[in-house]
Amino acid sequence: TIERVAALVLKKQLASDPEAQLLEDCACVVFLEHGLDAFAAKEDDETVIAILAKTWKKMGERGRRAALALPLSERGRALVACALAPA
């Protein structure tokens, strides 16, 4: 049990471990829903957009769908849109 929890927390084999991916998706969605606005208020837009883009890459398809369905603030939605825009 300890080894399993450690593997989940350390995000080992994230893409190939459904439980690890689910945990990552949950953490990302919770951040977007409850922490994005407070975080974005402290950082410049470029930093937030870069972090959101990196976060999005770690998320699975199910997590991405959940994230896109969130009732984000206008600024939060704009930041996410910038992060997902093609480079």
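Q: What makes a residue of this protein count as buried, exposed or partly exposed?
A: Buried means under 20% relative accessible area, exposed means over 50%, and partly exposed covers what lies in between, with a 1.4 Å probe and protein chains only. By this definition, 32% of the 87 residues of the protein count as buried. This is a predicted model, in which local features need pLDDT of at least 70, side-chain atom pairs count only at pLDDT 80 or more, and totals for chains, interfaces and linings use all residues.

Q: How do you know how many helices and strands the protein has?
A: Helices are DSSP runs of H or I with at least four residues, strands are DSSP runs of E with at least two, and both are numbered from the N terminus. On that basis the protein has six helices and zero strands. Its pattern along the sequence is therefore written α-α-α-α-α-α. The C-alpha trace spans about 40 × 25 × 25 Å along its principal axes.

Q: What share of the contacts in the protein with a separation of 6 or more joins residues 24 or more positions apart?
A: A contact requires heavy atoms within 4.5 Å. Residues 24 or more positions apart supply 59% of the contacts with a separation of 6 or more.

Q: How do you know whether the reach of helix α4 is close to what is expected?
A: The expected span is 1.5 Å times one less than the number of residues in the helix. Helix α4, residues 45–58, has 14 residues. From its first C-alpha to its last, α4 reaches 20 Å, close to the expected 20 Å.

Q: Why are the buried residues of α4 said to lie on the same side?
A: The residues concerned are Val48, Leu52, Thr55 and Trp56. They cover an arc of only 100 degrees around the axis, and therefore share the same side of α4. The arc is taken from the directions that run from the helix axis to the C-beta atoms. The face of α4 turned away from this buried side carries Glu46, Lys54 and Lys57, which are exposed. The cover over the buried residues of α4 includes α2 (18–34), α3 (36–42), α5 (61–68) and α6 (74–84).

Q: What makes Asp44 a cap of α4?
A: A polar contact is a pair of N or O atoms within 3.5 Å; within protein, one must be able to donate a hydrogen and the other to accept it, and residues adjacent in sequence count only if both atoms are side-chain atoms. A side-chain oxygen of Asp44 lies 3.2 Å from the backbone nitrogen of Glu46, at the N-terminal end of α4.

Q: What are the buried residues of α6, and how are they placed around its axis?
A: Gly76, Leu79, Val80 and Ala83 are the buried residues of α6. They cover an arc of only 100 degrees, which puts them on the same side of α6. Among the elements that cover them are α2, α3 and α4.

Q: What makes a space in this structure a cavity, and which residues line the largest cavity?
A: On a 1 Å grid over the protein atoms alone, a cavity is a set of points where a 1.4 Å probe fits but cannot get out, and its lining residues have an atom within 4 Å of a point. The structure holds one cavity of 30 Å³ or more. The largest cavity has a volume of about 50 Å³, the volume being the space filled by probe spheres set on points joined across faces, edges and corners. Its lining consists of Leu32, Leu52, Thr55, Trp56, Met59, Val80, Ala83 and Leu84.

Q: Why does Glu24 count as buried, whereas Glu19 is partly exposed?
A: Glu24 has 6% relative accessibility and therefore counts as buried. Glu19 has a relative accessible area of 49% and is therefore partly exposed. Glu24 lies in helix α2, and Glu19 is also found in α2. Leaving aside neighbours within four places in sequence, Glu24 is in contact with Lys11, Leu14 and Lys58, while Glu19 is in contact with Arg4 and Leu8. The side chains of Glu19 and Arg4 are joined by a polar contact of 2.5 Å.

Q: How do you know how far apart Val29 and Ala67 are in sequence and in space?
A: Val29 and Ala67 are 38 residues apart in sequence and 5.6 Å apart in space, C-alpha to C-alpha. Ala67 is one of the contacts of Val29, together with Met59, Gly63, Ala66 and Leu70, once neighbours within four places are left aside. Val29 belongs to helix α2 and, at 14% relative accessibility, counts as buried.

Definitions and conventions:
Residues are numbered from 1 along each chain as its sequence is written. Side-chain values use heavy atoms; hydrogens and water are left out. On a 1 Å grid over the protein atoms alone, a cavity is a set of points where a 1.4 Å probe fits but cannot get out, and a pocket is an open set with protein on both sides within 12 Å along at least five of seven lines; lining residues have an atom within 4 Å of a point.
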